[in-house]
Amino acid sequence: MPFPVTPVTPLPPRIARLRDLAHDLWWSWNPVARRTFRSLDYLLWRATAHNPVLMLDRIEPSALNRAQSDSAWLADYDEAVRQLDLARGARETWFARTYPAAGSTVIAYFSAEFAVHQSLPIYAGGLGVLAGDHCKEASDLGLPLVGIGFCYPQGYFRQRISSEGWQEEHYERLDWSHAPVARARQADGSPCIITIPLGTRTVLAQVWQVKLGGISLYLLDTDVEDNAPWDRELSARLYGGDRETRLQQEVILGIGGVRLLTQLGIEPAVCHLNEGHAAFVVLQRLNDLCDRGLTYEAALAEVRRTTIFTTHTPVPAGHDAFTFAQVETHLAGVWGTLAPHREHLLRLGLYDNGSGPMFNMTALALRTAGAVNGVSQLHGQVTREMWHPIWPDLPVERLPVRAITNGVHVPTWMSSEMDGLLSRHLGADWRERHDDPALLDRVLAIPNGELWEVREQLRGFLFHFIRERTRQRWAGEQVSAARVVAGGPMLDRRVLTIGFARRFTGYKRPELIFSDPDRLARILCAPGRAVQIVFAGKAHPADEAGKRHLQHIYFRALDPRFGGRIAFVDDYDLHVAHFLVQGCDVWLNTPRKPLEASGTSGMKAALNGTPHLSIGDGWWAEGFTGTNGWLIDPPKAADDAAQDWADAQALYALLEQEIVPAFYDRDEQGVPLRWTQVVKESIRTVLPRFSARRMVKEYVQEMYAPALRL
Ligand SMILES: *Cc1c(COP(=O)(O)O)cnc(C)c1O
């Protein structure tokens with residue numbers, strides 16, 4: 001394993017803290033720190049996809065010298081460092097004020113993926129974004145939380161699209177010295193290496209630390225020299241291996257995750273399992289408690305009292321299940337003092353979803369966690385119905401599964417331009433109070449022209465980004481001319497732009513909007529009132545059907561009948577997501593109800609003034625107010641095909657009758673007043689209620705505080 005090389009570019013003493021700032025991802029959601037790096041070397045900032053660690057490795061000494069003799073830049077730098085120190089040492093936080101008796105308790109948050117920044121590609125999609133946003137908000141609110149996950153050296157794949165529109169997966173090895181991570185160290189300063197029993201052998205894992213202001217993430221990595229070659233590969237890729245690999249990864253996350261905390265001297269009072277992947281945490285904790293002399297029953301009760309479980313999907317395939325033989329093989333070394341209770345523990349995971357009895361990770365978590373939640377009000381209901389067999393004696397409405405609706409980390413997802421507008425009109429401290437609905441009511445008083453100007457600016461950034469990306473593919477990778485065209489260089493920056501960016505999979509129905517191609521073509525190509533659509537998203541490497549959906553979109557983008565008004569932007573990640581949610585005019589979401597548990601991209605869009613146009617599924621079922629976006633809600637049809645058609649008809653009607661006219665009807669100054677009204681309602685209603693701040697406060701009040709006996 002190559003150790004991170006000690007960075008070579010020496011920093012002038014006056015700006016010696018710059019590297020510390022770059023290595024704490026707190027910079028990425030602080031406007032002053034962000035500006036500090038952006039204006040340090042704007043071209044390099046763009047060329048590195050906003051990665052200050054890489055920037056400091058590449059930067060010319062002359063640029064550093066220029067910066068340190070620029071008083072405006074220095075003022076930003078000093079302010080950023082001051083705020084970072086405040087964020088790290090904060091005592092006057094919401095958590096400290098609300099729970100003065102909390103003392104030194106720790107909440108451990110386990111997740112197989114964390115999306116904290118594009119320079120750390122250890123996430124696939126929504127689950128990771130949620131975990132990342134949860135941790136960032138925990139930092140802002142002063143929660144004593146640590147995150148535990150995996151550091152996949154090859155990450156999730158990078159997507160390229162062939163000239164035939166077929167998704168190709170590329171795995172690049174992460175260069176640790178260019179990522180915002182450092183080796184985690186034990187109290188005595190030595191690097192933290194842990195041992196994990198896996199089957200009949202022992203696997204080692206090293207630990208990386210990611211700083212997020214007031215909190216840290218710890219990431220497990222089995223690419224250690226003393227491991228066998230196949231064990232070194234175990235944590236190489238996210239969701240990349242077969243079932244056996246997946247199960248072994250989950251042993252490492254659950255068992256290894258708890259062991260790493262012990263080794264770092266951290267004793268969590270509460271463990272939060274983000275999705276079933278981490279459910280083996282309970283086995284290691286039971287083991288530890290029994291080792292300390294508790295009876296098995298007492299240990300089980302203690303684990304139940306202090307375990308919180310969040311389930312994320314109503315799609316059956318989204319819940320990991322293994323054969324008992326597989327579990328027996330890979331957990332052979334785990335039982336320890338639990339050996340007499342092995343059979344009971346295996347039964348805690350027993351579940352038959354129709355294809356025979358299996359060991360189901362969600363079932364294990366549901367049966368061992370004292371508090372369980374789904375991720376939207378509707379999903380809470382669906383989860384209770386779905387998992388009723390776990391509690392056969394209880395009526396469905398009495399099942400111990402509640403709902404805490406997801407939210408997004410506002411400082412991460414809000415564009416600098418919209419942030420500036422809100423600072424001017426809501427007060428410079430609006431970010432501190434952003435979950436207060438009364439504060440956001442003041443959005444209604446923002447002059448329409450100013451708001452529209454920001455919206456036009458954001459759309460402009462998106463088009464610049466799309467054109468630059470197609471230019472890079474053309475110049476750097478010699479892709480075909482057709483592939484360039486499909487990438488969107490012909491899009492028009494004045495035209496109403498719909499965004500659709502999400503994982504390509506059947507239930508999200510990416511092709512729904514093409515149900516009636518002729519009608520869609522008329523909408524897209526209307527003279528003077530054109531509409532364009534930008535698609536992005538990856539299909540899971542093993543999902544052939546998803547890849548075919550993607551290919552169909554690619555061919556639509558090339559079909560002249562749509563007037564060059566459809567584009568597919570490749571390699572959807574956090575970086576692309578920022579441009580899309582901020583720069584599109586409408587965010588489209590057409591899942592098959594009720595399979596979208598929550599969805600969060602629509603929240604990111606809405607708080608930037610990109611209203612949501614969606615089926616009433618997930619968060620939109622509770623988020624739509626009648627005036628803050630549009631609801632696709634035709635009468636319920638007899639079967640899936642009829643429902644697809646009905647949903648598409650309702651979608652076209654909304655576009656033709658409401659959305660397009662509202663966007664193109666302008667006043668004398670060229671401002672679309674009906675449109676800006678929807679934009680204001682979108683920001684006003686979505687920002688406070690669907691913020692990670694509201695969400696994390698709910699987790700604290702409803703789940704963490706009771707478990708901590710606060
Ligand atoms: C927000 C986000 C997602 C999740 O979006 P959904 O609406 O839940 O599908 C997935 N990927 C990226 C890169 C994101 O930023």
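I began with the lining of the second largest cavity, which is made by I466, R469, T470, R473, R483, G487, F568, V569 and D570. Helix 20 (448-477) and strand 18 (566-569) are the elements that give two or more residues to this lining. Helix 20 gives the most, with four residues. I noted the classes too: three nonpolar, two polar and four charged residues. The space in this second largest cavity is about 40 Å³.

A note on the model: it is predicted, so local features need pLDDT of at least 70 and side-chain atom pairs count only at pLDDT 80 or more, while totals for chains, interfaces and linings use all residues. Residues are numbered from 1 along each chain as its sequence is written, and side-chain values use heavy atoms, with hydrogens and water left out.

My terms: a cavity is a set of points, on a 1 Å grid over the protein atoms alone, where a 1.4 Å probe fits but cannot get out, and lining residues have an atom within 4 Å of a point. A volume is the space filled by probe spheres set on the points, which are joined across faces, edges and corners. Helices (H or I, at least four residues) and strands (E, at least two) are DSSP runs, numbered from the N terminus. Ala, Val, Leu, Ile, Met, Phe, Trp, Tyr, Cys and Pro count as nonpolar, Asp, Glu, Lys and Arg as charged, and the others, Gly among them, as polar.

How many cavities of 30 Å³ or more are there? I found three. The largest has a volume of about 60 Å³, and its lining includes Y152, R246 and H277. Helix 10 (residues 243-263) supplies the largest share of that lining, four residues.

Note on methods:
On a 1 Å grid over the protein atoms alone, a cavity is a set of points where a 1.4 Å probe fits but cannot get out, and a pocket is an open set with protein on both sides within 12 Å along at least five of seven lines; lining residues have an atom within 4 Å of a point.
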